[in-house]
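Subject: Structure handover

Hello,

Here is the structure I promised you. Please open it before you read on.

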Amino acid sequence: MSTVALKRVVVVGNGIAGLTAADTLREEGFDGELTIVGDEIHPAYSRPALSKALLLDGDTLSSHTLPPASHGARELLGVRATGLDPDRRLVTLDDGTSLPYDGVVLATGSRARRLSGLPDEVTLRGLDDALALRRRLAGRPSVLVVGGGPLGMEIASGCLAAGCPVTLVSQGEPLTAQLGPHLAGVFTTAARERGLTVVRTGPARVAGRAGDVHVALDDGTVLRAEVLLTAVGDIPNTEWLAGTGLVVNGAVPVDTRGLARPGVAAVGDLAAFPTPRGRRRVPLWSSAIDQGKSAARALVHGDDAPPMSFQPYFWTEQFGRTLKAVGPLPAAGEPVYVDGEPGSGPALMAWQQEDGSTTAVALDYRIPVPRLRRMTRTPA
Amino acid sequence: MKIVLDRPRCEGHGLCEEAAPQLMHLDDDGELVLDLEEIDGGDVALAKAAARVCPVAALRVQ
Ligand SMILES: Cc1cc2nc3c(=O)[nH]c(=O)nc-3n(C[C@H](O)[C@H](O)[C@H](O)COP(=O)(O)OP(=O)(O)OC[C@H]3O[C@@H](n4cnc5c(N)ncnc54)[C@H](O)[C@@H]3O)c2cc1C
Ligand code: SF4
């Protein structure tokens, strides 16, 4: 599509992916009509902060705030998109109006997967969830977290730091599926030292009735706590795209530039894009930013836009330890120590993965991400 | 305008540097260095883009 045809762009979803796409459209010279629709009433904020500093931050309540947007778009906040008509090029909204477009950016992200429909099952996805959880933690309730992934572990860490007794229910050893056994061991050791109770199980269920919920483990054991939290993955918000043919297996598949079709970009947690390990969603912060930039360029410049060069960046902070990783995870086997040594101190490590790629990991170790990226380009 | 870094909050992710390498970089110890603090013109948009990508909101443009 040529620049001439692009007069009106609608961005649906006001998270970091939509915001980055809107900013980039402007940087790339798009000066037409730009509209952003977002169903949260809050201006875009940092979601990763919700399970980290925001749960701890005594009182400042600012670790999630992002600087005000500078794209000058018309912002429709608190408004939900209910449908997309790709033939007539219209986005329909829940206030009964619709927005015509020449280019559209689908950026409605994802939501927490739940194990029940019970209101007592708490999940953490949005700012309102985080603020509500903070208020409850102030009373130091007992907490049961279901889910041994990075999010479940960060939440457990935050709850422990708030002074709550915390039990974490995990399928297998926490973090192993996401980080690999070595790094998982580092964090679960720190977690247990800080007093986290870890319960390993097969598939667990959340059951009961409003006001009295429990977790049932696969062996029949029943666990209860004052606060029951689950962190068991996310589901892309693609229901509003029903009937468009854009959704495959719940996500929106896109090409290497982030386009689902000419004039239709999809970015962030809802998009599945080509990676060296196949077409998949990579629901992470810097992935959302890379996708937002790349797709905006594709809308403005068409085939002249460069394909996205993607390399996963992941970080987590929990139980007093921090990790930054560039390259594919989980990391199998034992690392090569570039600096530091095995044990509990700071370390810079590299894994040579089976597919020939390198994963560079900094543990409690300050290092610029560009340097970590460079490490993955030279064999360990 | 001015770029302000909340240093204790900065975790050295360096995502800001990737957004605005003209204005800031991480030194070898992973400490963020602002190469330019007083900014105007096109640099303001760049600085804001850098502040936006920081996942811990350690940068402000004011
Ligand atoms: C608690 C938590 C901690 C995280 N920690 C990390 C981390 O440490 N590192 C990391 O890399 N990643 C982390 N992530 C993941 C990261 O935050 C996401 O990948 C990123 O925010 C995705 O951005 P997005 O813009 O695609 O989606 P979102 O941020 O979900 O934005 C989508 C927006 O669209 C809105 N929306 C949905 N449907 C509609 C509709 N029909 N109409 C209008 N608006 C709609 C949503 O309400 C939302 O505001 C974390 C996520 C969570 C929840
Ligand atoms: S992105 Fe934020 S945390 Fe990372 S180096 Fe820049 S200011 Fe520091």
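Below are the notes on the model, then the chain contact, then the two ligands.

This is a predicted model, in which local features need pLDDT of at least 70, side-chain atom pairs count only at pLDDT 80 or more, and totals for chains, interfaces and linings use all residues. Residues are numbered from 1 along each chain as its sequence is written, chains are lettered from A and ligands numbered from 1 in the order in which they are written, and side-chain values use heavy atoms, with hydrogens and water left out.

**The two chains**

Chain A brings 30 residues to the contact and chain B brings 24. Contact here means heavy atoms within 4.5 Å. Together the chains bury about 2,100 Å², with 49% of it on carbon and sulfur atoms. Buried area is the accessible area (1.4 Å probe) that two parts lose on being put together, summed over both. B:His13, B:Arg52 and B:Pro55 supply 33% of the area that chain B buries against chain A, more than any other three residues.

The interface holds 3 salt bridges (a side-chain nitrogen of Lys or Arg within 4 Å of a carboxyl oxygen of Asp or Glu). A:Arg366 forms a salt bridge with B:Glu31, and their closest N and O atoms are 3.7 Å apart.

**Ligand 1**

The side chain of A:Asp269 has an N or O atom 2.7 Å from an oxygen atom of ligand 1. Backbone N or O atoms also approach oxygen atoms of this ligand: A:Leu284 at 3.2 Å and A:Trp315 at 3.4 Å.

**Ligand 2**

Residues around ligand 2 include B:Cys10, B:His13, B:Cys16 and B:Cys54. The shell divides into 8 nonpolar, 3 polar and 1 charged. Nonpolar means Ala, Val, Leu, Ile, Met, Phe, Trp, Tyr, Cys and Pro; charged means Asp, Glu, Lys and Arg; the others, Gly among them, are polar.

Best wishes

Definitions and conventions:
A residue is near a molecule or strand if one of its heavy atoms lies within 4 Å of it. A polar contact is a pair of N or O atoms within 3.5 Å; within protein, one must be able to donate a hydrogen and the other to accept it, and residues adjacent in sequence count only if both atoms are side-chain atoms.
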